[in-house]
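Open the model in your viewer and keep the selection tool at hand. The stops below say what to select next and what is there.

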Amino acid sequence: MKKMKRWKIKEVLRQGEEQDEVIIMGWVRTRRDSKGGFSFLEINDGSCLKNLQVIADHSIDSFDLISEKLHTGSCVGVTGELVQSPGKGQSVELQAKSIKVYGKADPDQYPLQKKHHSFEFLREIAHLRPRTNTFGAVMRVRNRLSYAIHNFFQGRGFVYLHTPIITTNDCEGAGEMFQVTTLDPGSIPMVGGKINYSQDFFGEKTGLTVSGQLEGEVYAMALSEIYTFGPTFRAENSNTSRHLSEFWMVEPEMAFYDLEDDMNLAEDFLRYLFKDVLEHCPEDLEFFNKQIDKTILARHQEIIDNKFERISYSEAVQLLEQSKKNFIYSVEWGSNLQSEHERYISEEVFKKPVIIYDYPEEIKPFYMKGNDDGKTVRAMDVLLPKLGEIIGGSQREDDYNVLINRMETKNLNSDDYHWYLDLRRFGSAPHAGFGLGFERLVQFVTGMENIRDVIPFPRTPKNARF
Ligand code: ATP
Ligand code: MN
């Protein structure tokens with residue numbers, strides 16, 4: 001007999017017509033038995049938010065035998081015929097002719113029963129949480145955003161670049177590094193009171209990358225426009241709802257761009273992503289708008305329709321000094337803006353995305369291009385309401401002598417950066433770039449409060465399970 005093609009539930013719900021013979025496979029979300037000798041099963045296979053309703057007449061072959069294995073969580077294959085659905089919101093349902101149970105789920109032991117589970121509880125069962133509506137929707141949105149990121153850059157001729165994960169450079173303290181070593185912690189080789197890294201695997205001290213920027217610059221100085229999109233690691237002990245120890249970062253780097261071009265690209269990029277996800281994940285976003293945050297759909301549309309606000313760091317400090325708000329950290333010109341300040345500016349003052357540019361030189365890394373005022377550098381951060389910083393970027397210093405001087409003032413050893421400095425010795429060019437935290441984007445798009453709930457398996461201090 002010819003093997004029947006499996007339909008995805010999304011296809012059934014979109015294209016299925018009465019009398020179509022189909023086979024579907026998925027996991028039972030709920031089961032309800034009626035007195036008239038029927039069972040109603042809601043089946044989900046992750047292809048979309050909606051379940052397909054299956055009607056199982058108790059007279060179908062061996063129903064008695066499978067009935068005890070048919071519970072929430074069990075995995076089934078159902079063959080049958082589509083019939084018109086009397087239920088609201090779905091066109092068809094499946095009248096089962098035969099049901100095969102691939103794997104049962106004991107109702108006394110399966111942790112995901114039909115009731116509300118907290119996100120904290122679901123983190124404890126991160127291997128089962130993808131079978132909930134929320135996590136299915138988060139991962140479909142995450143998937144679409146990844147795809148859209150590639151589409152955006154590929155459409156503009158950027159080259160996707162894989163920068164190394166193991167590295168010796170720390171991007172000047174972008175974050176604390178995880179060390180990578182094969183030395184035996186029980187007997188570390190020492191010379192002169194220091195660890196002898198020449199005996200380590202790479203012959204020098206190495207760690208997991210905190211940013212691909214410096215290597216990205218190398219390739220921008222040859223291919224003009226590149227972007228990275230990969231895992232990034234920071235051993236910072238910050239237990240916030242916006243920091244992970246392992247996250248994904250998107251870092252475009254462009255030759256011949258100044259700071260304004262950089263800001264324009266960042267703005268176009270975000271607008272493109274919001275538009276794309278609204279268009280391709282409408283059902284999932286409506287779910288988030290209903291269940292998680294009732295403002296997200298309106299907010300996304302506003303972002304698409306309006307320009308971002310742009311103010312200098314000095315203007316931002318003025319706004320903060322004039323505000324009547326009681327901040328935990330006080331602000332004066334020269335201090336770092338904290339998340340509470342960033343949120344105040346985008347959420348309360350402008351009520352939309354804000355780009356802050358021209359930060360004091362002292363609080364920014366050595367590689368940012370200096371302004372003529374001698375005090376500020378061409379840095380920019382993009383802030384979103386409710387979230388704070390989502391993008392950090394800058395025009396890069398392209399003058400060899402200026403860069404050397406700045407490294408000296410910041411006590412950096414220029415030998416460690418000889419290859420980076422060479423970019424300014426041979427065919428230097430104005431260039432700029434930025435980094436976008438991918439999970440913060442997913443957070444903002446879905447309205448999910450905690451960054452741990454927008455990545456399949458979160459890594460945070462004291463947690464690397466699963
Ligand atoms: P923050 O001040 O929020 O810690 P940062 O200044 O350390 O951010 P950058 O070094 O500029 O951030 O990194 C670029 C982007 O990467 C940030 O704008 C943010 O979206 C994201 N990012 C930074 N650190 C983390 C983290 N620990 N977890 C998730 N995303 C992060
Ligand atoms: Mn940080």
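A salt bridge, as the term is used on this tour, is a side-chain nitrogen of Lys or Arg within 4 Å of a carboxyl oxygen of Asp or Glu. Keep in mind throughout that this is a predicted model.

**Stop 1: E267 and its partners**

Select E267 and K307. These two form a salt bridge in which the closest N and O atoms are 3.7 Å apart. E267 sits in helix 6, while K307 belongs to the loop between helix 8 (296-305) and strand 14 (309-312), so the pair ties together parts that are 40 residues apart in sequence. Are the two ends of this pair buried or exposed? E267 counts as buried because its relative accessibility is 2%, under the 20% limit. K307 has a relative accessible area of 59%, over the 50% limit, and is therefore exposed.

R271 is buried, as is E267.

**Stop 2: E217 and R424**

A search of the whole structure finds 27 salt bridges. For another one of them, select E217 and R424, whose side chains meet with an N to O distance of 2.8 Å. What does this pair tie together? E217 is in helix 5 (residues 213-223) and R424 is in helix 12 (residues 418-425), so the bridge joins parts that are 207 residues apart in sequence. E217 has 0% relative accessibility and counts as buried. R424 is buried too, with a relative accessible area of 6%. Side chains of opposite charge can pair when their charged atoms come close.

**Stop 3: ligand 1**

Select ligand 1 and show the residues around it. There are 15 of them, and E236, H243, L244, E389 and I390 come nearest. By type, the shell divides into six nonpolar, four polar and five charged residues.

Which strands each supply at least two residues of this shell? They are strand 13 (246-255), strand 17 (388-395) and strand 18 (431-437). Strand 17 gives the largest share, four residues.

- E236: a polar atom of its side chain lies 2.8 Å from a nitrogen atom of ligand 1.
- H243: an N or O atom of its side chain is 2.7 Å from an oxygen atom of ligand 1.
- G437: here a backbone N or O atom lies 3.1 Å from an oxygen atom of ligand 1.

Taken alone, ligand 1 exposes 580 Å², and the protein buries 81% of that.

**Stop 4: a patch on the surface**

Finally, switch to a surface view and select I165, I166, F201 and F202. These residues form a nonpolar patch on the surface, with about 390 Å² of accessible area together. To look at one member, pick F202, which lies in the loop between strand 10 (194-195) and strand 11 (206-208).

Key. Residues are numbered from 1 along each chain as its sequence is written. Chains are lettered from A and ligands numbered from 1 in the order in which they are written. This is a predicted model: local features need pLDDT of at least 70, side-chain atom pairs count only at pLDDT 80 or more; totals for chains, interfaces and linings use all residues. Side-chain values use heavy atoms; hydrogens and water are left out. A residue is near a molecule or strand if one of its heavy atoms lies within 4 Å of it. A polar contact is a pair of N or O atoms within 3.5 Å; within protein, one must be able to donate a hydrogen and the other to accept it, and residues adjacent in sequence count only if both atoms are side-chain atoms. Accessible areas come from the Shrake-Rupley method with a 1.4 Å probe; for residues, only the protein chains shown count as cover. Ala, Val, Leu, Ile, Met, Phe, Trp, Tyr, Cys and Pro count as nonpolar, Asp, Glu, Lys and Arg as charged, and the others, Gly among them, as polar. Buried means under 20% relative accessible area, exposed over 50%, partly exposed in between (1.4 Å probe, protein chains only). Patches are made of residues with over 30% relative accessible area and no salt bridge: like charges are joined within 9 Å, nonpolar side chains (Val, Leu, Ile, Met, Phe, Trp, Tyr) within 5 Å.
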